[in-house]
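Student: I am new to this structure. Please take a close look at its pockets and tell me what lines them.

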Amino acid sequence: MPLTDLPLADLRTYSPDLAEPDDLDDFWAATLSESRALGAAPVLAPVDTPVRELVVEDLTFPGFAGEPVRAWVVRPPAPGPHPCVVEYLGYNGGRGVPGEKLQWAAAGYVHVVMDTRGQGSGWGSGGHTPDPHGAGPAVPGFMTRGIEAPATYYYRRVFTDAVRLVDAVRTLPFVDRDRVAVTGASQGGGISLAAAALAGDLVAACLPDVPFLCHFRRAVELTPELPFTEVVRYLAVHRGSDAAVFRTLSYFDGAVLARRARVPALFSVALMDAIVLPSTVFAAFNAYAGEDRSIEVYPWNGHEGGQVPHWARQVEWLGPRL
């Protein structure tokens, strides 16, 4: 992708008219209430790892419909309570092996890495959480699973898992329950936006990095690369399903949910990104309801974004807010 999809000056004011379902809040309130009523308490277990200077543990917590979801907890050895960073992962990556991610814990945070249900075979070291739900006809991948209706859509389960993980980490004795931030890159960025919007004041800050799953209509129409093209392929085969598909997606659109997120937020965007178009990131950023919001712009990067230099910026930004 040789050029950004809009000039930066236009991106900074880009606020499209986004469709919002009338029952959006009721839909999510009912979904979260049903899942919060189900499932066992979170369980921590020790793991065998060569990491010696940090504590690494296996967390199992109840997600959507009370179903078990896995996560890694990596933390400083001092009892705390410590501030916590919950991280959600990019598309089709898994939580990996214990101790694979150490940076946030080395910076003094409890770091919790959520496994994304059903994913984990596209990159990294694999995942460990199944998604025990079937779906109707779908394009290979996750973008069109259950897309016929909001109640059956795959990301209903994932976003619920994300909120339930926030619920779970706030019960851990070494976590300061009032200092829990959410973050993630790409798909993880979109999930972090959803968590900040749906968990309300249970989250203290949000750091969506090149966030995916925003401004679905524009993304599906213009993005040249996977995974948004999964939806294009679905619509090409299921002719005439446009209205139903985009109605479903409107319940999960990060640019719509951003209107409900008010905690401090640090976004990032890469202007050469052909997987997450810059305009879709700015649609979410400009819709974000919190007053304390900023965005780091990487003009010459693709979907890799700012990588470790951006993580250093996140640490600098987050410290005063937690």
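Tutor: Start with a definition. A lining residue of a pocket has an atom within 4 Å of one of the pocket's grid points. Keep in mind that this is a predicted model.

Take the second largest pocket. Its lining is made up of D17, L18, A19, H215, F216, R217, F246, R247, L249, S250 and D253. The space inside is about 180 Å³. Two helices, α6 (216–222) and α8 (242–250), each supply at least two of the lining residues. Of the elements, α8 gives the most, with four residues. By type, the lining of the second largest pocket splits into five nonpolar, two polar and four charged residues.

Now turn to the largest pocket. Its volume is about 750 Å³. It is lined by 31 residues, and the closest to its centre are E87, K101, G184, A185 and D209. The top contributor to the largest pocket is α11, with four residues. The lining of the largest pocket holds 13 nonpolar, 12 polar and six charged residues.

For the largest pocket, look to α11.

Methods
Residues are numbered from 1 along each chain as its sequence is written. This is a predicted model: local features need pLDDT of at least 70, side-chain atom pairs count only at pLDDT 80 or more; totals for chains, interfaces and linings use all residues. Side-chain values use heavy atoms; hydrogens and water are left out. On a 1 Å grid over the protein atoms alone, a cavity is a set of points where a 1.4 Å probe fits but cannot get out, and a pocket is an open set with protein on both sides within 12 Å along at least five of seven lines; lining residues have an atom within 4 Å of a point. Grid points are joined across faces, edges and corners, and a volume is the space filled by probe spheres set on the points. Ala, Val, Leu, Ile, Met, Phe, Trp, Tyr, Cys and Pro count as nonpolar, Asp, Glu, Lys and Arg as charged, and the others, Gly among them, as polar.
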